[in-house]
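Look over the sequence and the 3D view below. Then read on for a short tour.

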Amino acid sequence: PPTPLQQSKRINIPAIGAWGDLSKCSRAVRVGNTIHVSGTCAPGDSATEQVKAIFDVITPALHDAGARIEDVVLCRMFAADIQNDWEELGAAHGAIFQDTKPACTLVGGDLLMDWMKVEIEVTAVVQEE
């Protein structure tokens, strides 16, 4: 088992792309048993397609940090058009987290690019063995 010092060691999972290069942020950061995954967007024609594509980015980042999608305890979704997309976003989230049921927040607001319907960040906690 890891020592307390190993549990508190910070692990950065690099962000790939223009935003990561510019902002010097990480895709994910693990400290102890907690992993924070940065806000993530991905292309797709619908909110559902974007959510699926986003989790195709988030899931490997969690894996690189030693976690699984089942370890997610909090999901934050930022919607460009919350009034029209909330049900579709909720259903897409539910399809991914059907059994896990993390806490979830949905917030409306402007996103960086016009094509973006949703941006998602998650927090995961790896359970003690």
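This report covers the sheet, the helices, the core and the salt bridges of a predicted model.

Now look at two of the pairings. Strand 2 (residues 26–31) runs antiparallel to strand 3 (residues 34–40), and they pair over 4 bridges. In this pairing, Arg 30 has Ile 35 of strand 3 as its bridge partner. The two strands make a hairpin with 2 residues between them. Gly 32 sits in the turn and has a positive phi of about 65°. Strand 3 also pairs with strand 6, again in the antiparallel sense, over 5 bridges. There, Thr 40 stands opposite Ile 120 of strand 6.

## Helices against the sheet

## The nonpolar core

In soluble globular proteins, nonpolar side chains tend to be buried together. Here, the largest nonpolar core has 28 residues. Ile 35, Phe 55, Ile 58, Leu 62, Ile 120 and Val 122 have the most contacts inside it. Strand 3, helix 3 (47–64), strand 4, helix 4 (82–96) and strand 6 each give two or more residues to this core. Helix 3 gives the most, with 8 residues.

Which residues are in contact with Leu 62, leaving aside its neighbours within four places in sequence? They are Ile 35, Val 37, Ala 67, Arg 68, Ile 69, Val 72, Val 122 and Ala 124.

## A closer look at Leu 74

Leu 74 lies in strand 4. Is this residue buried or partly exposed? Leu 74 counts as partly exposed because its relative accessibility is 23%, and buried means under 20%. Leaving out residues up to four places away in sequence, Leu 74 touches Pro 102, Ala 103, Cys 104, Glu 121, Val 122 and Thr 123. Asn 84 is 10 residues from Leu 74 in sequence, yet their C-alpha atoms are 23 Å apart in space.

## Salt bridges

Side chains of opposite charge can pair when their charged atoms come close. How many salt bridges does this model have? The count comes to 3.

One joins Arg 76 and Glu 121, at 3.2 Å from N to O. Arg 76 lies in strand 4 (residues 72–79) and Glu 121 in strand 6 (residues 118–125), so this pair ties together parts that are 45 residues apart in sequence. Glu 121 has 23% relative accessibility, so it counts as partly exposed.

Arg 68 takes part in a salt bridge with Glu 70, at 3.6 Å from N to O. Arg 68 also meets Asp 71 in a salt bridge, at 3.7 Å. Through shared partners, Arg 68, Glu 70 and Asp 71 join into one network. Glu 70 counts as partly exposed, at 44% relative accessibility, whereas Asp 71 counts as buried, at 9%.

Notes. Residues are numbered from 1 along each chain as its sequence is written. This is a predicted model: local features need pLDDT of at least 70, side-chain atom pairs count only at pLDDT 80 or more; totals for chains, interfaces and linings use all residues. Side-chain values use heavy atoms; hydrogens and water are left out. A salt bridge is a side-chain nitrogen of Lys or Arg within 4 Å of a carboxyl oxygen of Asp or Glu. Buried means under 20% relative accessible area, exposed over 50%, partly exposed in between (1.4 Å probe, protein chains only). Two strands pair if DSSP finds at least two bridges between them. A nonpolar core is a set of buried Ala, Val, Leu, Ile, Met, Phe, Trp, Tyr and Cys residues joined through side-chain atoms within 4.5 Å. Contact means heavy atoms within 4.5 Å.
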